[in-house]
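Here's a quick tour of a ligand site and the spaces around it. Have a look at the model first.

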Amino acid sequence: MNRLQLIKSLVKKRNYKHYLEIGVFNGHILFRIPSTLKIAVDPSFRFTWLRKWGKTLLKPHNLRNRYYQKTSDTFFVEDACRIFDGKKIHIALIDGMHEYAYALRDVENTLQYLDDNGVIIMHDCNPVSADAAATFDEWQTKKPGTPWNGDVWKTIMHLRCNRDDIRVFVIDCDHGLGIITKGVPDDMLSFTPEQVEELTYAHLECNRDKWLNLKSVDYARTYFGI
Ligand SMILES: C[S@@+](CC[C@H](N)C(=O)[O-])C[C@H]1O[C@@H](n2cnc3c(N)ncnc32)[C@H](O)[C@@H]1O
């Protein structure tokens with residue numbers, strides 16, 4: 001299972017109409033999601049108007065796409081309130097800046113507009129190596145093409161320590177798909193935000209399953225009935 005398959009299955013099964021994607025890059029995921037209202041946020045989209053038109057001709061579900069070329073923080077300050085007034089988010093993919101504090105703000109801001117039966121999917125929650133878990137500045141010094149998951153895994157931990165109103169787990173596929181839904185969690189962790197900030201990749205390696213609430217693809221299929 002990858003993020004595209006998961007999102008498409010959920011949209012089909014639950015008839016989700018309102019989709020938000022933070023961090024869109026070339027639209028590889030965005031253009032393939034068959035929701036009727038898709039909100040795309042990225043300070044630096046990697047596609048031209050020609051690709052946009054082409055994708056709309058091929059797939060009319062792209063006709064109502066709205067593009068916000070700005071950071072997610074600016075989007076939530078300037079636009080979100082108006083867009084999601086009376087139109088809750090059914091499903092969101094959070095895949096922008098892969099750093100703890102950024103990803104946490106993205107989740108908390110998205111939760112404000114999430115439908116009670118909605119789902120947030122956060123990419124890159126289960127880093128594949130210490131290199132992939134580097135900070136943005138460290139990663140920029142590495143060989144081009146080095147995968148970058150950042151420390152989004154700390155966002156998962158933070159939510160599992162501080163939010164008793166959401167369920168959080170990570171599916172063990174596609175670099176770790178973080179799943180966030182409304183509801184009472186089965187269990188929580190107890191670290192302060194400062195302690196989470198200090199943790200390293202070595203700590204994660206010893207505690208991956210427990211800290212991330214790592215679950216198999218089969219578990220996710222049963223959880224969502226897909
Ligand atoms: C890994 S790519 C997204 C890939 C895409 N979601 C997919 O699945 O194919 C990350 C994107 O996040 C964008 N980004 C970086 N900082 C951001 C921010 N503060 N807010 C929103 N997007 C950001 C980058 O411009 C980049 O296009």
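Of the 17 residues around the ligand, the nearest are R3, E21, G23, D42 and D95, where near means having a heavy atom within 4 Å of the molecule. This is a predicted model, so local features need pLDDT of at least 70 and side-chain atom pairs 80 or more, while totals for chains, interfaces and linings use all residues. Numbering runs from 1 along each chain as its sequence is written, and side-chain values use heavy atoms, with hydrogens and water left out.

That shell splits into six nonpolar, six polar and five charged residues. Here Ala, Val, Leu, Ile, Met, Phe, Trp, Tyr, Cys and Pro count as nonpolar, Asp, Glu, Lys and Arg as charged, and the others, Gly among them, as polar.

Now for some polar contacts, meaning pairs of N or O atoms within 3.5 Å:

| Residue | Protein atom | Distance to a ligand nitrogen |
|---|---|---|
| E21 | polar side-chain atom | 3.0 Å |
| G23 | polar backbone atom | 2.7 Å |
| D95 | side-chain N or O atom | 2.8 Å |

On its own the ligand exposes 610 Å², and the protein buries 82% of that (Shrake-Rupley areas, 1.4 Å probe).

Which space does the ligand take? The largest pocket, going by more than half of its atoms lying within 2 Å of the grid points. A pocket is an open set of points on a 1 Å grid over the protein atoms alone, with protein on both sides within 12 Å along at least five of seven lines; a cavity is a set where a 1.4 Å probe fits but cannot get out, and lining residues have an atom within 4 Å of a point.

The largest pocket holds about 840 Å³ of space, a volume being what probe spheres set on the points fill. It has 29 lining residues, with F25, D42, D95, G96 and H98 closest to its centre. By class, that lining has 11 nonpolar, 10 polar and eight charged residues.

As for cavities, the whole structure has one of 30 Å³ or more. The largest cavity comes to about 40 Å³, and its lining includes D95, G96 and H98.

How values were computed
Polar contact = N/O pair within 3.5 Å; in protein donor to acceptor, adjacent residues only side chain to side chain.
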